[in-house]
Structures are given as C-alpha cells and as structure tokens.
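Biologist: I would like to learn how to read a structure like this one. Can we take the features one at a time?

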Amino acid sequence: MTEQVALDGAPDWLRPLVRRTAEVDQGHFGWPHGRPPRSARPAAVLILFGEQAGTGPDVLLIRRADGLNSHPGQVAFPGGSIDPDDDGPTGAALREAQEEVGVLPEGVRTLGTLPELHVAHSGFRVTPVLAHWREPSPVAPVDPGETRAVARVPISWLVDPANRINVRLSSRHPSPAFLVPGMLVWGFTGALLSGVLDLAGWSRRWNGDDVLGLDEAWRAAEEADDAGFGS
C-alpha cells in the first residue's frame, strides 16, 4: 500500500511523480519477486531528490563499503531495516540517511511511499520513501567501514541513453543499470531507479539491447567520463 502526502512545497518538476505513486503497483518496476511475504523483514530506502545550480534535479546515491558482509561495493539508496522505535518506513529511511551520510531530517520533506518490493536474496520487504531535499545538508560517509562514497547524481545524467545499459548476472534475465562515475547502479536499486524515472516521465529512449556482464559493466562505470557531472 502506498501513502501520499500533500504536494504543498514540492517543486513543480517533482509533482507528477508524486501524483502517480497512488496508481502504481509492484509490477511497474519489473522486479521479478512479486508481492513480498509478510514473513520478510521490513526495511525502507530514501529516494531523496534535490536540485543544484548548473546540474538541475538530482538524486542521492551511496556506494557501500567493499568490506561489508552484505552487498559489498553495491550502489544503493540510503536505507535499512525498520526498527521498533522508528516511525514506520519514513522514520527508518530518514534515520538511516542521517546515520549513513549525514542527511539532516529537518531539511527533508517526505512526499509519500511506493509499493513494498521483495528483495528475496536478503529476505527484506522494502518500502521506498520519496522525499524532497528542501534544505540540503553536506553529505559524506559517516562510517567509511559501511559507506565508501556518496553522490548527488543529476537526473539528466541518469536519463542520458549513453549512461544506461542492461546487466546480465549469470543466466538471469538482464536488468536495468546505470553507469555513474565510480558507481554501477544495478540489481534492486537499478530496477527501482529505472521504474521511478519512467513513472515521473523523465526517461528517454535508450538501447535496451546493450547488455554487459557484471564485471564489464563495473569497468565501464569506473571509466565513465565525469565531465559535466557536477558534485
């Protein structure tokens, strides 16, 4: 079930996305695991949109530390398990963003949630929380042992067909991915991000037949030209 709040204060470019959250279901994201079982552990991620002069609207992404036992080196939205003391998915997403990269919750306007998605291999049912960064705070890895890097990635970069590919992991069906300088956005985060861009009406036509193996895709991301990428 999704949750929406008033659009008051949200920028015009973000409003179509928020309006459409009430109409979307799990199938929109092309994520193959279907409706999550109630036995899965609840978690939340923060899809935090901001805006910077020169690069326009952006979204916050993190790269997990390489030494972690779970999902080492992968790119994700800030987030994690929902604790008993959290105020639901929204509270958990804001807490995790502060703990991971220093996002100050008081500068964030939450705008609603997307349907729960099942991350079967880790046993989570994840609620994506949409938010607008009305008063951005400086961000950086709080604990380098957990977070290797953080970036505000321009939406214009993500929708550029030159930065979009599909990744194939062994015999699995190819899944959407994004080449960001030093970051390969793939797997759950890639599918979620692709679905959000489509839902907002921001996506541009790209070559879906461009399929790379995971190692090759990582090399392409590491070598991506960051000219004009912004901070």
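Biologist: Which residue stands opposite Ile165 in strand 10?

Modeller: Strands of a sheet pair through backbone hydrogen bonds, either parallel or antiparallel. Here Ile165 stands opposite Ala177 in strand 10. This is a predicted model: local features need pLDDT of at least 70, side-chain atom pairs count only at pLDDT 80 or more, and totals for chains, interfaces and linings use all residues. Residues are numbered from 1 along each chain as its sequence is written, and side-chain values use heavy atoms, with hydrogens and water left out.

Biologist: How many bridges join strand 9 to strand 10?

Modeller: Two strands pair if DSSP finds at least two bridges between them. Strands (E, at least two residues) and helices (H or I, at least four) are DSSP runs, numbered from the N terminus. Strand 9 (residues 164-168) and strand 10 (residues 175-180) are joined by four bridges and run antiparallel.

Biologist: In what order do the strands of the sheet come?

Modeller: The order is 11-10-9-12, in an open sheet of four strands with mixed pairing. Strand 11 (183-185) and strand 12 are the edges, each pairing on one side only. Neighbouring strands are turned by 40° against each other on average, direction ignored. Axes are lines fitted to C-alpha atoms, for helices over the stretch in contact, and angles run from 0 to 180 degrees between N-to-C directions.

Biologist: Which strands does helix 5 touch?

Modeller: Contact means heavy atoms within 4.5 Å. Helix 5 (residues 214-222) packs on the sheet and touches strand 9, strand 10, strand 11 and strand 12. Its direction makes about 100° with that of strand 12. Helix 4 lies across strand 9, strand 10 and strand 11, at about 90° to strand 10.

Biologist: How many aromatic pairs are there?

Modeller: Rings of Phe, Tyr and Trp (its six-membered ring) pair if their centres lie within 6.5 Å; planes under 30 degrees apart count as stacked, over 60 as edge-to-face and the rest as tilted. The count is three. One of them is Trp13 with Phe49, edge-to-face, 6.4 Å centre to centre, with 80° between the planes.

Biologist: Is Phe49 buried or exposed?

Modeller: Buried means under 20% relative accessible area, exposed over 50%, partly exposed in between (1.4 Å probe, protein chains only). Phe49 has 1% relative accessibility, so it counts as buried. Phe49 also pairs edge-to-face with Trp202, 5.6 Å centre to centre and 80° between the planes. Phe49 lies in strand 1 and Trp202 in the loop between helix 4 (187-200) and strand 12 (211-213), so the pair ties together parts 153 residues apart in sequence. Trp13, Phe49 and Trp202 form one aromatic cluster.
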